[in-house]
Amino acid sequence: MEICSIASGSSGNCIYVGNEKNHILIDAGVSRKRIVEGLSQIGVAPEQLDAIFVTHEHIDHIQGIPMMVKMFGTPVFATSGTLDGICMKDKKGVIGHDRLYQIYEDESVQIGDLKVTPFHMSHDAAEPVCYTVEEKDKKIGIATDLGVYDDYTISHLAGSQLLLLEANHDISMLEAGKYPYQLKCRILGEKGHLSNEASGQLLCQLIHKELKQVFLAHLSKENNYPQLAYEAVKCQIWEEMGLNKLPFTLTVAKREEPSEMVILK
């Protein structure tokens, strides 16, 4: 099983997960052109996609869906609330309803050899979910756009060999920044986004001996920096667990270009 973050950040998100036979996207929040270019860099044709699984209906997660469906007929899987949101934003009626498939929290969907499991997250959207993807004894956990996490979140992500976790903002940068007060409250609230520190705290709950790689994702362009997120999360791990040398690879998913492909063997 392999994973590549095609785009990550508050301006657009798209993650590829696949194997030799099966190919899916988690979100399609950038243009069709960028998605196709990103896929081409990892040797996957858009016609090979089996599905797009959507976390929620905000534009930075669904921007490319209409044209991906129109050009390639890619099936779209999402919760009922998210599907309604996608259709409401499809003003030109590009997406055929025969390409939309409803999924349910905690009920897995089998795409060839890939088992995709949606689970509830706390965010200001209609019916948002995070995902895990499993193939035999391999597991990838993907969790962004969650204002808080709890034991339920941890139970779903536990045992992942690869994690893609939100590290959206530095709290001090956000509080001192130019965002309106209401927006700051939204981001800091229980239905907003995880800070660097909260991301590190979540990661401390998920570290185990089989964890190979962690991507920090969905960084705010205005309220974070890749190196700041990296250092803050690493510092949190040191403070809570005393680990000054990480037993896994920690990287930051890139905003404007695909990150390196990671293969779980």
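This is a predicted model: local features need pLDDT of at least 70, side-chain atom pairs count only at pLDDT 80 or more; totals for chains, interfaces and linings use all residues.
Residues are numbered from 1 along each chain as its sequence is written, and side-chain values use heavy atoms, with hydrogens and water left out.

User: How much space lies in the largest cavity?
Analyst: On a 1 Å grid over the protein atoms alone, a cavity is a set of points where a 1.4 Å probe fits but cannot get out; the points are joined across faces, edges and corners, and a volume is the space filled by probe spheres set on them. Searching the whole structure in this way finds one cavity of 30 Å³ or more. The space in the largest cavity is about 60 Å³.

User: Which residues lie nearest the centre of the largest cavity?
Analyst: A lining residue has an atom within 4 Å of a grid point, and 13 residues line the largest cavity. With Ala, Val, Leu, Ile, Met, Phe, Trp, Tyr, Cys and Pro counted as nonpolar, Asp, Glu, Lys and Arg as charged, and the others, Gly among them, as polar, this lining divides into six nonpolar, six polar and one charged. Nearest the centre lie Asn13, Ile15, Asp27, Thr144 and Leu164.

User: Where in the chain is Asp27 found, and what is its phi near?
Analyst: Helices (H or I, at least four residues) and strands (E, at least two) are DSSP runs numbered from the N terminus, and in these terms Asp27 is found in the loop between β3 (23-26) and α1 (32-41). Buried means under 20% relative accessible area, exposed over 50% and partly exposed in between, with a 1.4 Å probe and protein chains only; Asp27 is buried because its relative accessible area is 3%. Most residues other than glycine have a negative phi. The phi of Asp27 is positive, near 70°.

User: What is the phi of Asp145 near?
Analyst: Asp145 has its place in the loop between β10 (138-143) and α5. With a relative accessible area of 1%, Asp145 is buried. Its phi is a positive value in a residue other than glycine, near 60°.

User: Which residues line the largest pocket closest to its centre?
Analyst: A pocket is an open set of grid points with protein on both sides within 12 Å along at least five of seven lines, and the largest pocket has a volume of about 170 Å³. Of its 15 lining residues, three are nonpolar, eight polar and four charged, and the largest share, three residues, comes from helix α7 (residues 181-188). Closest to the centre are Ser10, Asn168, Arg186, His193 and His218.

User: Which residues touch the most other members of the largest nonpolar core?
Analyst: A nonpolar core is a set of buried Ala, Val, Leu, Ile, Met, Phe, Trp, Tyr and Cys residues joined through side-chain atoms within 4.5 Å, and the largest one has 28 residues. The elements giving two or more residues to this core include α5 (151-157), β11 (162-166), α8 (196-204) and α9 (226-241), and α8 gives the most, with four residues. The members that touch the most others are Leu203 and Phe248.

User: Which residues does Leu203 touch?
Analyst: Contact means heavy atoms within 4.5 Å, and residues up to four places away in sequence are not counted here. On that basis Leu203 touches Leu163, Leu165, Leu211, Val214, Val233, Ile237 and Phe248.

User: How far away is the cysteine sulfur nearest to that of Cys14?
Analyst: A disulfide is a pair of cysteine sulfur atoms within 2.5 Å, and the whole structure holds zero disulfides. Cys14 counts as buried because its relative accessibility is 0%, whereas Cys185, at 35%, is partly exposed. For Cys14, the nearest cysteine sulfur is that of Cys4, at 9.0 Å.

User: Is Ile59 buried or exposed?
Analyst: Ile59 is found in helix α2 (residues 59-62) and touches Gly29 and Lys89, not counting residues up to four places away in sequence. Its relative accessibility is 52%, so Ile59 counts as exposed.

User: Which residues does Gln63 touch?
Analyst: Gln63 is found in the loop between α2 and α3, and at 41% relative accessibility Gln63 counts as partly exposed. Not counting residues up to four places away in sequence, Gln63 touches Ala28, Gly29, Val30 and Ser31.
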